[in-house]
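This briefing reviews selected local features of one structure, grouped by topic. Please consult the sequence and the structure shown below alongside the notes.

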Amino acid sequence: MPDNELEKRLLALLQQPLRRDELQRAVPAASKHELRQALDRLCADGRVMKNKKNRYAVCAHYGCVTGTYLATERAFAFVTPDVAAGEPQPDDLFIPPGASGGAWHGDRVLVKLTERKNGRGRREASVVRVLTRSGRELTGELVQRGKGYVVQPTSKKYPAIAVDPHALGDARPGDRVAVSVTHHGDERIPPQGVVRAALGEEGTMAAAIASILRENGVYELFPDDALRQADAIGQTVAPSAIEGRLDLRDRLIVTIDGDDARDFDDAVSLEPLENGHLLLGVHIADVSHYVPAGSPLDNEAFRRSTSVYYPGHVIPMLPFALSHGICSLDPAVDRLAFSALIEVDDRGHRYGVQLAKSVICSKARLTYRKVNGILAGDAALREEYAALVEMLTRMNDLAHALYARRVARGALELEIAETQIAVDDDGRPVELLYRDRGESERLIEEFMLLTNEIVAETLCKRGDPAVYRVHEDPDPEKLRVFAQFARPFGYRIDPAKPQDTAQFQAVLRGAKDDPRQRILPMLLLRSLARARYADECIGHYGLKAKYYLHFTSPIRRYPDLMVHRMLQKALTGEAFTAADQALCTEAAAQATGREQAADECERSIDKLFIAAYMQQFIGEDFDAEVSGVQAFGVFVALDNGCEGLIRIELLGGDFYRYDEEHMALVGQHTGKRYTIGTPIRVRLLAASDTTGQIDFAPADGTSPVAIAAAPVAPAPSDERPRRHRGGKGRGGSRKKGKKPAVRKRR
């Protein structure tokens, strides 16, 4: 009996406790060795337990669950229970002091539930066993203590780690270092580790950035074998590579990207047909031609799964020889592409599509700024690009029609303001500004969304393996919280009807024209599930799309590269194998995890740059708005995208209690309320470019604390680490330098 079939059979039997001999009689097809191994695997994974009477049963029968251990900087912790994809996430379990069972932050653990609840109603549990260690490297300051050395982790969620003097490498005391844990410690031995890299002098922004990248498994250097393979490809298209491809080099094809973009993985065209329809062309760099499956380049691209962007920098998924070279659809040179030629009418109705490997030659490298100017009637730009004006105008009209069709079917348009961090030639932040999305950005987004849907529909209807982009329905409980905030503005949200997106569209439309409501789109975004990758097509809630995947950015996303390979096999009639399905399953899981790590990197590094920029304004006053409320204080956001904390002890004039249900701090005597959206005048106290922490105080004179330029102690840990949800626009096709404050990864 195959292992997976045997395990399924055992899980069905073990809803009630059974001894091994009873199980053997129930599954006679399995040998004693196979049965013992299957039980060991199930126990190691935390799905099955054995009691003192040697009876096995599923963990739930013994009041146990598995989950991820989330430490805080205090003595208590939480565990997020494991759930199957698509199931609602239950509340976290509270782990009181002394009940950690030796678990560290990020470990997967087995916990036993109790009947007790903590002061905020969360059920308590204790760790029974650590199932798997997170295995991540930690970073911290190397400190000498007598004749010994320890690494004091940057995060107080971890204990100090002893390091043998012979395991320091090039690091010196006072350096920020990366350390791998070799022993997690016990009652006799403290945690032990080995220094893997010196990251720079502790207390510098450069060391902090290097630390964030390292902690999230992001590395700039490529392996030598991958670089050799990339360098051997060359920078011109070989004539033999063109054979058998659809030749589109005579078509009027252009790229439209940001001013500072360096890699161009998509190009577009539009031409009228004799029947009055339009032929929309979306041409995507054919990365799969240069990155064969299983090659050193492919292995490294899989490991990275995504490019990582932060102000002035990009850590690409592929070496620059590809991402900025032969795979970039530069103007006036031949490039290999995967093209979607889509027949539509001027109202956006689709009549047919041709998907094919192609060769193109872009006629112009346009920017969003220039196209926006052309569409707005800029005379100089329209004269400079006279040959393109008619096509761009038609493209814009078509994009508006496609947008109207999407909104009509119920797609949500979360127009979250995007902030951009401008840096000088030395990489120092010089400006924070919001970037409005113009007509050209929306134009490209609509074309990419349409293409992604078409490719997803093609593969799904054929039943072929693929990596899909999926977005589950939101949790009604989270929608209930959102409905409470929206109600004072006159909206009546029914959280039991998440499929009725018209009620959310009404909120989004109203928020566009009312500054008082600008927090509502952000709150709605936080109420939605996080999009992820999967090997099955279950639809995309936010886009209201039955079929959706990522096809349009194979230079910077591994799922797109996998989709290109699967689509090519489908078009050529090549037989699919079980290995293809397994590769898609593995790629979906890897890409989801690496996307989350990239988001964490980008978010954390952005905070450092914002704090570095704000240091020049310490002591100055600003208009702000409450953007978050916790028991320890309120988070406030400035108009430029900067967000910081006002600690509860600085909210003078009253004693404030935390109303968790309404996410508010309420004055016990005055009744004054601080809730999301509350306007407030604040004074900047401190900004740290090594932690990203920014501290404010009320500027109305009620605070009992004097202004101080010195950094303030770190904020206490929240009971629950804040989750950032969302994604990117443009069908997820964000370019370098476009830094959303809250990313809309679709």
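**Lead: a covered helix in a predicted model**

Helix H15 (residues 519–527) is mostly covered, with eight of its nine residues buried; buried means under 20% relative accessible area, exposed over 50% and partly exposed in between, using a 1.4 Å probe and protein chains only. Helices (H or I, at least four residues) and strands (E, at least two) are DSSP runs numbered from the N terminus. This is a predicted model, in which local features need pLDDT of at least 70, side-chain atom pairs count only at pLDDT 80 or more, and totals for chains, interfaces and linings use all residues. Residues are numbered from 1 along each chain as its sequence is written, and side-chain values use heavy atoms, with hydrogens and water left out.

**Helix H15**
- The buried residues of H15 are Ile519, Leu520, Pro521, Met522, Leu523, Leu524, Leu525 and Ser527.
- Their cover includes helix H13 (476–486), helix H14 (502–512) and strand S26 (621–630).

**Packing of H9 and H12**
- Helix H9 (residues 368–375) packs with helix H12 (residues 439–462) at an angle of about 110°, their axes being 7 Å apart; axes are lines fitted to C-alpha atoms, for helices over the stretch in contact, and angles run from 0 to 180 degrees between N-to-C directions.
- H9 is therefore roughly perpendicular to H12, a term that covers angles of 65 to 115 degrees.
- Tyr368, Val371, Asn372 and Leu375 in H9 meet Glu439, Ser440, Glu441 and Ile444 in H12, where contact means heavy atoms within 4.5 Å.

**Serine 358**
- Serine 358 lies in strand S20 (residues 350–361) and is buried, with a relative accessible area of 0%.
- Its side chain makes a polar contact with the side chain of serine 339 at 2.6 Å; a polar contact is a pair of N or O atoms within 3.5 Å, and within protein one must be able to donate a hydrogen and the other to accept it, while residues adjacent in sequence count only if both atoms are side-chain atoms.
- Leaving aside neighbours within four places in sequence, serine 358 is in contact with residues including Arg245, Leu246, Leu248, Arg335 and Phe338.

**Three-stranded sheet**
- An open sheet of three strands has the order S29-S30-S31 with antiparallel pairing; two strands pair if DSSP finds at least two bridges between them.
- Strand S29 (656–659) and strand S31 (673–675) are the edge strands, each pairing on one side only.
- S29 and strand S30 (residues 664–667) pair in the antiparallel sense over four bridges, and aspartate 659 stands opposite alanine 664 in S30.

Notes
Angles under 35 degrees count as roughly parallel, over 145 as roughly antiparallel, 65 to 115 as roughly perpendicular and the rest as oblique.
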